[in-house]
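Here are my notes on the side-chain contacts and backbone of this chain. Please read them with the structure open.

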Amino acid sequence: MLSELNVVPKQDEITKDWKSDEIKVTCYVQTYNHVSYIEETLESILAQKTSFPFKIVVYDDCSTDGTQGKIRNYQEKYPDIVFPYLAEFNHGKENVPRIEHQNLVEGEYVTICDGDDYWLDNYKLQRQYNLMSNNEQCLCVHPAIIAFEETDVEDVFCYYGDKTSIVSQEVIFNIKNQFAPTSSYFMTKKKYFEFLSFLRKKAPGYGDFFIEAISSEKGVLYIPLPMSVYRRGVVSSSTTLQSQSGFRVHQIILDNNLENLKILESMYPYLAKKIMNRKKLVEIDFLINALNATDIKDGIKKELKQKLVDNIKNLGGFSPEKYIRPV
């Protein structure tokens with residue numbers, strides 16, 4: 001456990017350098033059936049060296065594989081730091097938003113790490129806290145190492161240059177894939193609560209883009225250090241399940257994504273123009289995924305290929321470099 005970090009300290013060792021009793025950051029961990037990973041996730045957060053108090057809120061979505069038992073063990077060892085919310089039913093299956101943990105969130109900032117990811121740098125929280133405290137932006141991110149479970153191959157995700165920078169919101173809305181890894185998010189509590197309000201209205205589907213969209217009005221702070229690991233290919237992950245889906249599932253995902261963009265626009269009308277462009281990217285993503293559907297028929301495949309080519313031609317080019325400036 002924690003091969004890149006030091007051995008996880010005891011609770012009194014973690015708190016000895018804290019300069020106050022007031023929680024400054026809530027580290028939010030969402031997990032479901034991550035029994036093989038949750039220890040590494042929690043220990044990478046507990047290994048953080050900070051001058052300020054932080055807490056870990058662990059939302060377990062009714063795991064059935066022993067994950068909850070491991071979470072309880074950490075709660076017993078770190079009663080002043082680890083605070084679980086153990087759901088009584090699986091929210092994913094019921095299509096219900098995971099918002100019950102809101103009352104456990106404290107401090108000025110919220111950071112996120114999914115239960116199958118982990119942090120690499122013992123000073124990640126301190127670095128992001130210092131940068132956010134001295135700037136007006138509401139979201140800070142950094143690159144992550146992608147670890148592909150099925151091949152052991154590694155790659156880098158979210159590299160926008162080698163300088164600490166401010167990235168414009170334009171980049172979030174104009175690149176097809178996710179802008180930054182979830183395990184890098186460090187945002188104001190105000191914006192996180194706005195995202196939870198969005199979740200109350202949201203149709204099923206991914207939430208990461210919407211966190212980025214809601215939190216990036218003033219741009220996004222970017223630190224060029226890869227301070228976390230993002231696992232791909234985990235059996236219970238949404239990306240793995242989607243890759244094994246049929247055409248109808250991809251159609252439902254498209255419909256939900258378009259509905260969620262409509263909800264986002266109703267909450268933030270000033271984003272209308274950017275959302276219009278985002279819809280084009282969502283449709284292109286659907287076409288790519290649909291072409292790889294397990295049950296795609298040749299006739300439909302030919303039609304979708306042509307549609308994909310036409311959509312890409314009409315999209316035009318986008319250069320993120322124009323929208324990045326040093327802090």
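1. Start with Asp 61. This is a predicted model, and in it Asp 61 has a relative accessibility of 1%, so Asp 61 counts as buried. Its salt-bridge partner is Arg 98, with the closest N and O atoms 2.8 Å apart. Arg 98 lies in the loop between helix H4 (91–94) and strand E4 (109–112), and Asp 61 lies in the loop between E2 and helix H3 (67–77), so the pair ties together parts that are 37 residues apart in sequence. Arg 98 has 25% relative accessibility and counts as partly exposed.

2. Next, Arg 231 and Glu 40. These two form a salt bridge, and the closest N and O atoms are 2.8 Å apart. Arg 231 is in strand E12 (residues 228–232) and Glu 40 is in helix H2, so parts 191 residues apart in sequence are tied together. Both residues, Arg 231 and Glu 40, are buried. Inspect this pair with the surrounding side chains displayed.

3. A local bridge comes next. Glu 194 pairs with Lys 190 in a salt bridge, with 2.8 Å between the closest N and O atoms. Helix H7 (residues 189–199) holds both, four residues apart, about one turn of the helix. Lys 190 is exposed, at 57%.

4. Now the aromatic pairs. The count comes to 18. Why is the pair of Tyr 59 and Tyr 85 called tilted? The ring planes are at 40 degrees, which is neither under 30 (stacked) nor over 60 (edge-to-face), so the pair is tilted. The ring centres are 5.1 Å apart. Tyr 59 belongs to strand E2 (residues 54–60) and Tyr 85 to strand E3 (residues 82–86); the pair links distant parts of the chain, 26 residues apart. Tyr 59 is buried, with 0% relative accessibility. Tyr 85 is partly exposed, with a relative accessible area of 25%.

5. One aromatic cluster deserves a look. Its members are Tyr 28, Phe 173, Tyr 192, Phe 193, Phe 195, Phe 198, Phe 209 and Phe 210. Display the rings together when checking it.

6. Two lysines are placed over rings. The charged end of Lys 55 sits over the ring of Phe 83, at 4.4 Å from the ring centre. Lys 124 lies over the face of Trp 119, and here the distance to the ring centre is 4.7 Å.

7. Which residues does Asn 174 contact, leaving aside its neighbours within four places in sequence? They are Asn 277, Leu 281 and Phe 318. With Asn 277 there is a polar contact, side chain to side chain, at 2.6 Å. The C-alpha atom of Asn 174 is also separated by 9.6 Å from that of Lys 280, which is 106 residues away along the chain.

8. Check two backbone angles. Most residues other than glycine have a negative phi. Asn 33 is not a glycine, yet has a positive phi of about 50 degrees. Asn 33 lies in the loop between strand E1 (25–31) and helix H2 (38–46). Cys 158 is not a glycine either, and has a positive phi of about 75 degrees. Cys 158 is in the loop between strand E8 (154–157) and strand E9 (165–167). Cys 158 is buried, with a relative accessible area of 6%.

9. Last, the annotation. UniProt, in an unreviewed entry, lists residues 29–145 as "domain: Glycosyltransferase 2-like". Over residues 29–145 the chain is 29% helix and 22% strand. The end C-alpha atoms of this stretch are 18 Å apart.

Definitions and conventions: Residues are numbered from 1 along each chain as its sequence is written. This is a predicted model: local features need pLDDT of at least 70, side-chain atom pairs count only at pLDDT 80 or more; totals for chains, interfaces and linings use all residues. Side-chain values use heavy atoms; hydrogens and water are left out. Rings of Phe, Tyr and Trp (its six-membered ring) pair if their centres lie within 6.5 Å; planes under 30 degrees apart count as stacked, over 60 as edge-to-face and the rest as tilted. Helices (H or I, at least four residues) and strands (E, at least two) are DSSP runs, numbered from the N terminus. Buried means under 20% relative accessible area, exposed over 50%, partly exposed in between (1.4 Å probe, protein chains only). A charge sits over a ring if NZ of Lys or CZ of Arg is within 6 Å of the ring centre and within 35 degrees of the ring normal. Contact means heavy atoms within 4.5 Å. A polar contact is a pair of N or O atoms within 3.5 Å; within protein, one must be able to donate a hydrogen and the other to accept it, and residues adjacent in sequence count only if both atoms are side-chain atoms. UniProt positions are given in the numbering used here, feature names are shortened, and annotations may be inferred rather than shown by experiment. A salt bridge is a side-chain nitrogen of Lys or Arg within 4 Å of a carboxyl oxygen of Asp or Glu.
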